[in-house]
Amino acid sequence: QVHLVESGGGSVQAGGSLRLSCVASGSIFVINAMGWYRQAPGKPREKVAGITSGGSTNYADSVKGRFTISRDNAKNTVYLQMNSLKPEDTAVYYCNANLRVLSLPNDRAYWGKGTLVTVSS
């Protein structure tokens with residue numbers, strides 16, 4: 001069984017910063033891509049940033065230049081550094097990992113339960 005647990009969410013004023021963390025645990029054989037998604041009230045879930053096992057990154061246009069995704073493979077952890085936060089960044093942020101567990105031959109996606117980020121103007 002695999003668990004992804006996010007932390008670091010909270011309330012901040014516009015222009016502020018937060019750092020999200022997500023730790024993957026369980027019977028993990030290998031973690032491939034990891035990423036962060038968010039869902040604002042009344043809106044569909046959207047991808048914010050992704051990072052491959054080799055460190056290649058990609059970002060949504062709305063966060064480019066403000067957010068930075070990174071990972072520590074030794075700790076099975078992915079981070080999202082969020083700077084210059086805006087009220088429109090308010091959402092529940094979810095961690096995603098594409099990984100393979102020890103008991104199964106195929107990769108699949110796993111999700112955390114989310115952490116709330118609230119940015120006030």
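**Sheets and disulfide in a predicted model**

User: Which residue in β11 is the bridge partner of Tyr93?
Analyst: β9 also pairs with β11, residues 115-120. The sense is antiparallel, and three bridges hold the pairing. The β11 partner of Tyr93 is Thr115.

User: Which residue in β9 is the bridge partner of Arg38?
Analyst: Strand β4 covers residues 28-39 and pairs with β9. That pairing is antiparallel and counts nine bridges. Across it, Arg38 has as its β9 partner Tyr93.

User: Why is β9 described as largely enclosed by the rest of the structure?
Analyst: Buried means under 20% relative accessible area. Cys95 has 0% relative accessibility, so Cys95 counts as buried. Cys95 lies in β9, which spans residues 91-101. The strand is largely enclosed because its buried residues number eight of the eleven.

User: How many residues apart are Cys22 and Cys95?
Analyst: The structure holds one disulfide. Cys22 and Cys95 form it. Cys22 sits in β3 (residues 18-26) and Cys95 in β9, so the link connects distant parts of the chain. The separation is 73 residues.

User: Is the link of Cys22 and Cys95 left-handed or right-handed?
Analyst: The two sulfur atoms are 2.1 Å apart. That is within the 2.5 Å cut-off for a disulfide. The angle about the S-S bond is -80 degrees, and the link is left-handed.

User: Is Cys22 buried or exposed?
Analyst: The cut-off for buried is under 20% relative accessible area. Cys22 has 0% relative accessibility. Cys22 therefore counts as buried.

User: Which are the edge strands of the open sheet of four strands?
Analyst: The order of this sheet is β1-β3-β8-β7, with antiparallel pairing. An edge strand here pairs on one side only. That applies to β1 (2-7) and β7 (67-72).

User: By how many degrees are neighbouring strands of this sheet turned against each other on average?
Analyst: The sheet is open and has four strands. Direction is ignored for this angle. The average between neighbouring strands is 15 degrees.

User: Which residue in β8 is the bridge partner of Arg71?
Analyst: β7 and β8 (residues 77-82) run antiparallel. Six bridges join them. The β8 partner of Arg71 is Val78.

Notes. Residues numbered from 1 in each chain as written. Predicted model: local features only at pLDDT ≥ 70, side-chain atom pairs only at ≥ 80, totals over all residues. Heavy atoms only, no water. Pairing = 2+ DSSP bridges. Helix = DSSP H or I, 4+ residues; strand = E, 2+ residues; numbered from the N terminus. Axes fitted to C-alpha atoms, helices over the stretch in contact; angles between N-to-C directions. Buried < 20%, exposed > 50% of the residue type's maximum accessible area, 1.4 Å probe, protein only.
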